[in-house]
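Here is a short tour for you, with the cut-offs spelled out as we go. Let's start with a pair of packed helices.

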Amino acid sequence: MISKAKEIEKEAIISVKEAAILINKKEAINTINILKETISKKDKVDKEEFIVAINSAKEEINSITSEKEAVSKKEVVNAFNKLAETIKNKDTANKEEAIRAINVLKEDISNISLDSAVKELTNLKIKYLGKKSELSLILKSVSKLEDSERKEVGKALNEIFKNVKDAFDVEFKKIKEKEIEQKIQLEKIDVTLPGKKVVIGEMHPISKVLNKINDIFISLGFSIVDGPEIETDYYNFEALNIPKDHPARNTQDTFYIAENLLLRSQTSPVQIHTMQNSKPPIKILSPGRVYRADATDATHSPVFHQVEGLLVDKNISMANLKAILELFIKKLYSNNVKVRFRPHHFPFTEPSAEMDISCFKCGGVGCPLCKYEGFIEVLGCGMVHENVLKNCNINPEVYSGFAFGLGLERIVMMLYGITDLRLFYENDMRFLKQF
Ligand code: 2U9
């Protein structure tokens, strides 16, 4: 009984030690890389030659002693054996196939972790110390022995059992420590490393100018209002007195989402909503993104920004419009700019006008920028059309109002001398930092 138990003890201790040998994973993979390189350099791969190469790689693995980034050596060797087995059953004169097999091996080894050693040890523990193990059965049968023998045999067997158990405990502890060590290595933070530089952005020139415009109108008692970018045909066109056959309503000029739903082509729907939901006096500014089916070039973009303004009250005239807009443009550019109003046509205003300012480059004398006109167009404006007021339940006999609209990109380009509108949308810090 004891000699049998001693035999099992010896076998168990050898297996435990073998299962717990750890090697360096990187080194194992290096060996495979060398094997792969050797194969790659050959024109043809001879099967026997390949097996020899695998065996010598295995030898290399066996000579790895470093336990840094440890993995189970046994598992690595098993993976090699699997490769050798695959090769045996194949005609490896095919080099590609050999390389593919080596890649599979590499993948297998990459997936090996310390867990494999723990798993292997656990299986061995069940095999040698489990309830159904040979040692347990021998230990159990002690009860059947004569009184005289039982004590001594029992003591010897218990010692053997303990020795095997201790061997397992030692290896489990070793792996646990290795695991902790690897985890610490992996999670180590080098506090002395320089920090990552945070690139600080810059306020976009469009936002900068819009803030300035907003401030000017806020100082004049206007409120800034926002609205949806998806609108119905009614709010974008119908309520604004834009006739059914107007080119702006065409699908070539406006982005339609559905028959009656579109991306707003102007911010005017915001003013319609405000007029419908509140009573005059109304003094609002509605800046925002608008959409038009234009091809992109230096002066056009399918998405751009508008700022529209509306003032509705009793006794509002063209004189108020001119005064406010002149004041606005002088605050935005300079007190020296001169303004002029030219008659124009818009469906939503009557009378309508366009406002020009004296060229800031030549001061009105004439130059290439103003096309020798001395003036540059900056915005459109007019008295709110009576149909528009009626659509918003505002009595045109009692109230009147003026409105204006400007393309923000154009204003910013003029202010800073930018000649290509596409620069606004490229997020290039070299451009954005200039303003
Ligand atoms: C309501 C009534 C009237 C807004 C106006 C303009 C003239 C105008 C253009 C400037 C350049 C559009 O971005 S652009 O292409 N706008 O010329 N806009 S009057 O008139 C309104 C708005 C709302 C209820």
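## A helix pair

In a right-handed crossing, α2 passes α3 (right-handed if the near helix is turned clockwise from the far one by less than a right angle, left-handed if anticlockwise). This is a predicted model, where local features need pLDDT of at least 70, side-chain atom pairs count only at pLDDT 80 or more, and totals for chains, interfaces and linings use all residues. Residues are numbered from 1 along each chain as its sequence is written.

The axes of α2 (residues 25-41) and α3 (residues 47-62) cross at roughly 155° and come within 9 Å. That makes α2 roughly antiparallel to α3 (an angle over 145 degrees). Axes are lines fitted to C-alpha atoms over the stretch in contact, with angles from 0 to 180 degrees between N-to-C directions; helices are DSSP runs of H or I, at least four residues, numbered from the N terminus.

On the α2 side, the contact is made by Ala 28, Thr 31, Ile 32, Leu 35 and Thr 38, and on the α3 side by Ala 53, Ala 57, Glu 60 and Ile 61 (contact: C-beta atoms, placed from the backbone, within 7 Å).

## Nonpolar cores

The largest nonpolar core has 47 residues, and Val 312, Leu 325, Cys 381 and Phe 402 have the most contacts inside it. Such a core is a set of buried Ala, Val, Leu, Ile, Met, Phe, Trp, Tyr and Cys residues joined through C-beta atoms within 7 Å; buried means 20 or more other C-beta atoms within 10 Å. Apart from this core lies another, of 38 residues, including Ala 28 and Leu 35.

Conventions: Helix = DSSP H or I, 4+ residues; strand = E, 2+ residues; numbered from the N terminus. Parallel < 35°, antiparallel > 145°, perpendicular 65-115°, else oblique. Contact = placed C-beta atoms within 7 Å. Buried ≥ 20, exposed ≤ 12 C-beta atoms within 10 Å, placed from the backbone.
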